[in-house]
Amino acid sequence: MTPDPARTSDTARTPDDAARPLDSARALDVDALLDDPKTRIVVCCGSGGVGKTTTAAALGLRAAERGRKVVVLTIDPARRLAQSMGIDQLDNVPRQVKDVTGDGELHAMMLDMKRTFDEIVEAHADKERAAAILGNPFYQSLSAGFAGTQEYMAMEKLGQLRSRDEWDLIVVDTPPSRSALDFLDAPKRLGSFLDGKLIRLLMAPAKVGGRAGMKFLNVGMSMMTGALGKLLGGQLLRDVQTFVAAMDTMFGGFRTRADATYRLLQAPGTAFLVVASPERDALREAAYFVERLAADDMPLAGLVLNRVHGSGAAQLSAERALAAAENLEESRIVDQEGGKIGVRNAPDNAADADPVRNSPTDPGTSEAPRASEASQTPKVSRTPEASQTSEAHDAHASDDPGVPAPSDPDPSAGRPSVEQLTAGLLRLHAERMRLLAREQHTRDRFTARHPEVAVAEVAALPGDVHDLAGLRTIGERLAG
């Protein structure tokens with residue numbers, strides 16, 4: 001049976017595989033996506049730690065400098081986006097980024113989950129009822145940390161930004177969730193919670209009353225997790241009753257907005273970019289993401305493959321580099337330092353240059369010089385600087401006979417030879433080429449499984465991105 005080319009082992013690949021570029025037919029045209037006026041929303045999604053925030057910021061900056069009015073919405077708790085854009089802080093209000101070249105504008109904001117929930121209450125309830133809801137302990141627990149609230153509020157904020165029609169492009173950095181697709185499910189999940197059976201279940205004890213009511217409450221509490229499980233007893237009943245009574249007219253609105261946001265994500269003006277690194281786990285998650293987006297009829301624009309490594313000497317394979325390193329490291333087996341042939345054939349030991357064989361006192365013989373001659377130290381001419389150094393050493397020795405005169409340090413002592421340095425560099429190159437081969441193999445497995453997905457590769461930078469110049473560089477690499 002013919003082996004699957006996407007699953008062949010590393011040893012089956014040729015040395016040139018690591019240098020093979022991505023097929024141009026599969027390359028993602030990022031500039032065309034950003035320049036298209038029909039593209040109104042770009043959603044960057046993927047697993048954690050793959051560079052979603054940096055990608056979203058770089059896309060927003062590039063689109064703005066190409067003439068569009070852009071807002072970047074991030075849910076990144078590390079606040080790297082604010083630092084890279086030169087903004088003191090990001091909050092729930094879009095703030096304009098300075099030093100953007102071109103005719104466009106760039107704004108950035110960071111989702112404040114609780115504040116967004118508060119804004120929904122304030123917008124859909126009168127002043128007195130809103131105050132009662134905002135001060136309710138049950139509401140505060142729900143808005144601050146209930147499972148799925150952050151993802152739901154991210155989509156709520158997206159809907160708010162889109163409805164204002166102030167920006168012609170919104171770039172969304174999705175939340176760092178356990179599952180990369182939580183934000184797709186969150187609108188329906190939280191909408192169903194607020195407008196579903198669970199709320200009615202919690203209200204039942206207040207209506208039934210007595211021990212039967214408390215028994216019914218215990219059944220309901222067994223279904224609660226997270227923040228709700230921290231509230232027990234009659235106080236919970238009173239808080240829930242107040243909360244439900246105040247928000248009774250708003251529950252249907254949550255479900256309506258959740259459905260509207262979901263339809264917005266499916267609209268033709270939305271483009272999803274799956275962000276991943278060229279690692280097995282990240283691309284496995286990306287493949288799952290691609291399949292889920294297709295199942296939900298979400299418009300996928302392509303895959304952004306971040307931190308792809310390269311080499312300026314890709315024509316030198318890992319095998320050849322290792323072989324060359326071994327030759328350099330094992331050369332002393334046959335070099336002149338370890339054998340006699342080199343010594344005998346050295347020019348300084350030739351017959352016409354041998355001071356012993358041509359000695360006038362013992363011509364034509366190969367006998368060793370007399371002991372008295374061998375013990376004599378030849379005079380060596382020295383420069384004035386060398387003479388001064390020698391005199392200083394002699395004076396030091398005469399001042400303190402118990403301390404030996406220091407010897408001149410050998411500048412080459414302890415330093416690796418040229419051969420050792422070269423061998424080390426060759427081994428580093430071999431490791432880099434093996435890394436390139438692994439990344440190539442991982443990418444090929446993904447593209448073989450999903451040939452319909454366009455890919456944009458972003459070469460790895462030597463350091464972190466911390467300013468607009470770094471974001472521009474990422475944008476240029478995104479565009480190829």
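**Entry 1: aromatic rings**

I began with a rule: rings of Phe, Tyr and Trp, taking the six-membered ring for Trp, pair if their centres lie within 6.5 Å. The model I am looking at is predicted, so I kept that in mind while I searched. By this rule I get a count of 1 aromatic pair. The partners are Phe 117 and Tyr 139, with 5.1 Å from centre to centre and 75° between the planes. Planes over 60 degrees apart count as edge-to-face, so that is the label for this pair.

Where do Phe 117 and Tyr 139 sit in the chain? I found Phe 117 in helix H4 (residues 113-124) and Tyr 139 in helix H6 (residues 137-145). They are 22 residues apart, so the pair links distant parts of the chain. I also checked the surface, and both Phe 117 and Tyr 139 are buried.

**Entry 2: the whole chain**

Next I stepped back. I see 19 helices and 8 strands in the chain. Of its 480 residues, 41% count as buried. I then took contacts between residues at least 6 apart in sequence, and 76% of them join residues at least 24 apart.

**Entry 3: the sheet**

In what order do the strands of the open sheet lie? I read E3-E4-E2-E5-E1-E6-E7-E8, which is 8 strands with mixed pairing. The edges are E3 and E8, and each of them pairs on one side only.

On one side, E6 (residues 270-276) pairs with E1 (residues 41-45) in the parallel sense, over 5 bridges. Two of the partners I noted are Val 42 with Ala 271 and Cys 45 with Val 274. E6 also runs parallel to E7, and 5 bridges join them.

Is E6 mostly covered or mostly open? It is mostly covered, since 7 of its 7 residues are buried. Thr 270, Phe 272, Val 274 and Ala 276 point one way, while Ala 271, Leu 273 and Val 275 point the other way. The residues on both sides of E6 are buried.

**Entry 4: the largest pocket**

I went looking for empty space next. Rolling a probe the size of a water molecule over the atoms shows where such space is left. The largest pocket has a volume of about 600 Å³. I can list 32 lining residues, and nearest the centre are Val 50, Gly 51, Thr 54, Arg 80 and Arg 307. Several elements give two or more residues to this lining: helix H2 (52-65), helix H3 (80-84), strand E7 (300-308), strand E8 (455-459) and helix H19 (468-478).

Which element gives the largest share of the lining? That is H2, with 5 residues. Sorting the lining by class, I get 14 nonpolar, 12 polar and 6 charged residues.

Most residues other than glycine have a negative phi. I noted two that go against this. Asp 99 has a positive phi of about 65°, and it is found in the loop between strand E3 (95-96) and strand E4 (105-110). Asp 99 is exposed, because its relative accessible area is 64% and the cut-off is over 50%.

Asp 165 has a positive phi too, near 55°. It is found in the loop between helix H7 (149-164) and strand E5 (169-173).

**Entry 5: two residues and who they touch**

Ile 87 lies in the loop between H3 and E3. Is Ile 87 buried or exposed? Its relative accessible area is 13%, and buried means under 20%, so Ile 87 is buried. Leaving aside neighbours within four places in sequence, I find Ile 87 in contact with Ala 82, Arg 95, Gln 96, Val 97 and Ala 108. With Val 97, the gap is 10 residues in sequence and 6.9 Å in space, C-alpha to C-alpha.

Glu 291 lies in helix H13 (residues 280-295). Its relative accessible area is 33%, which falls between the 20% and 50% cut-offs, so Glu 291 is partly exposed. With neighbours within four places left out, Glu 291 is in contact with Arg 449 and His 450. How far is Glu 291 from His 450? They are 159 residues apart along the chain, and their C-alpha atoms are separated by 9.1 Å.

Definitions and conventions. Residues numbered from 1 in each chain as written. Predicted model: local features only at pLDDT ≥ 70, side-chain atom pairs only at ≥ 80, totals over all residues. Heavy atoms only, no water. 1 Å grid on protein atoms, 1.4 Å probe; cavity = no way out; pocket = protein on both sides within 12 Å on 5 of 7 lines; lining within 4 Å. Points joined across faces, edges and corners; volume = space filled by probe spheres on them. Helix = DSSP H or I, 4+ residues; strand = E, 2+ residues; numbered from the N terminus. Nonpolar A, V, L, I, M, F, W, Y, C, P; charged D, E, K, R; others polar. Phe/Tyr/Trp six-rings, centres within 6.5 Å; stacked < 30°, edge-to-face > 60°. Buried < 20%, exposed > 50% of the residue type's maximum accessible area, 1.4 Å probe, protein only. Contact = heavy atoms within 4.5 Å. Pairing = 2+ DSSP bridges.
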